[in-house]
Amino acid sequence: MQRKQDLIDFLINNPIFELYIKKLKNCICCFYYHGIENKIIDPFIQQEQITTAQLTKHILYLKHNGFEFINLSDLYNVLNRLNNDCLLGPNSMGKYAIFTFDDGYLNNKTILLPLMKIYQIPFTVFINTNHVTNRKRHLFYFLRTALSFCKNKVISLETIKKNYNISTPLNKLKCYNELASLYRTLPQRIVIILNLEIQSLLNINEWNKLNNQFNSEEVLSWDDIIEMNNDKLVDFGSHGLDHFICHNSQDPDETKMQIIKSKAIIKGKLGKCNWFSYPNGRIQDISKLAYDIVKSEFKLAFSTVRANIDKNSNKHLLPRIIPYCNLSRYRANLKISFLKFTKQKYEREIVNLVKSIS
Ligand SMILES: [Zn+2]
């Protein structure tokens, strides 16, 4: 951990690398965000939100370093051009930044769109269609909020037959980390039951008050999406029906339905659905079956494996860079994406997945 931090500090403080980013002429960096808020009142509960001030700093940093902002149709064309014309030299690509936003937060319309209009930056929002239809918040919001505000010293969860001591903030954090890991690895039907148990830790009045307080966690409606879709800067893609993580322990029929039906619903509402982003998106969150279906249904699909995009990137397992809110860490992470070992790690991971047997 310390070694990693030392490396990050080295990169941040090294002016040569800063110059390298500035002088770069050919690269494609795709970033993934979630929600955006003007003011964060609880960094733990609102951990998927970036502030308007922070996102503005990211935008200005990229502009200052000569990045051009493109949308996913442009990316698709660039990748096809790079793949099809072997005569293209290394200087023919361009220096591009791509902004994507997962999970379909309502603030993507109320706060993000006005900001992106100022800078004329295109962006894509990946939505979970069942959450949109039911205006249902994400499971992790319930988990974080219930644990934060639950006054019990011990909780017992029947679904997983476990008791947790949550009497101190540290214990709560440990419990959260363990449950979050289960949310990401158990089959969806068990996660849904577990989440109902988690929700029952607070009563309806408490939930009403907290939902109001944390309105940053609200999701877009279809009316919002249809209205946003009229703006040429905005584009939508699928993130599944229910933020279903497509790992190997999921039911294969359910995996198939989550991907295919979400596409059909978006296509029915907006006329097209060409892009997919895998929920959670690490290689262990993507089964070979999910990859195969996504490959046959979508033009491009995005993971959360960190690297830059180039002509060798797999179009259905494209890497993305996590943009930490803080500008120094953001800059460091962008730089790390250019290191050779990052690229090699991405290539190793995708080769293993593509070759694996479902
Ligand atoms: Zn997501």
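Predicted model: local features only at pLDDT ≥ 70, side-chain atom pairs only at ≥ 80, totals over all residues.
Student: What makes the chain count as compact as a globular protein of its length?

Tutor: Start with the secondary structure, which comes to 15 helices and 11 strands. The radius of gyration is 21 Å, close to the 21 Å that the globule rule gives for 358 residues, so the chain is as compact as a globular protein of that length. For the outline, the C-alpha atoms fill a box of roughly 65 × 45 × 40 Å along the principal axes.

Student: How do you know which contacts link residues 24 or more positions apart, and what share do they take?

Tutor: Take the contacts with a separation of 6 or more: residues 24 or more positions apart account for 73% of them. A contact here needs C-beta atoms within 7 Å. Ile98 gives you a case to look at: leaving aside neighbours within four places in sequence, Ile98 is in contact with Ile28, Cys30, Phe31, Ile70 and Leu75.

Student: What makes a set of residues a nonpolar core?

Tutor: The members must be buried, of the nonpolar kinds, and joined through C-beta atoms within 7 Å. The largest such core has 65 residues, and Cys30, Phe31, Ala97, Ile98, Ala290, Val294 and Ala301 touch the most other members. Strand E1 (residues 27–33) gives the most to this core, with six residues. There's also a second, separate core of 16 residues, including Tyr141 and Leu179.

Student: Why are Gln54, Leu55, His58 and Leu62 called buried?

Tutor: Each of those H3 residues is buried, and the cut-off for that is 20 or more other C-beta atoms within 10 Å. Down the axis of H3, the buried residues fall within an arc of 100°, so they line one face of the helix. In general, an α-helix has 3.6 residues a turn, so residues three or four places apart point the same way.

Student: What sits on the other side of H3, and what does the buried side pack against?

Tutor: Ala53, Leu60 and His64 are exposed on the other side. The buried residues pack against strands E2, E3 and E5 and helices H5 and H14.

Student: How do you know that the span of H3 is close to the expected one?

Tutor: H3 has 13 residues and reaches 18 Å from first C-alpha to last, close to the 18 Å expected at 1.5 Å a residue. Gly66 follows H3, with a positive phi near 80°.

Student: What are the domains, and how far apart are their centres?

Tutor: The assignment gives domain 1 (2–136 + 219–355) and domain 2 (139–213). Their centres are separated by 28 Å, over C-alpha atoms, and 13 residues of domain 1 are in contact with nine of domain 2.

Terms used:
Residues numbered from 1 in each chain as written. Helix = DSSP H or I, 4+ residues; strand = E, 2+ residues; numbered from the N terminus. Expected span 1.5 Å × (residues − 1). Buried ≥ 20, exposed ≤ 12 C-beta atoms within 10 Å, placed from the backbone. Arc of directions from axis to C-beta. Contact = placed C-beta atoms within 7 Å. Rg over C-alpha atoms; globule rule 2.2 N^0.38 Å. Domains from an automatic or database assignment.
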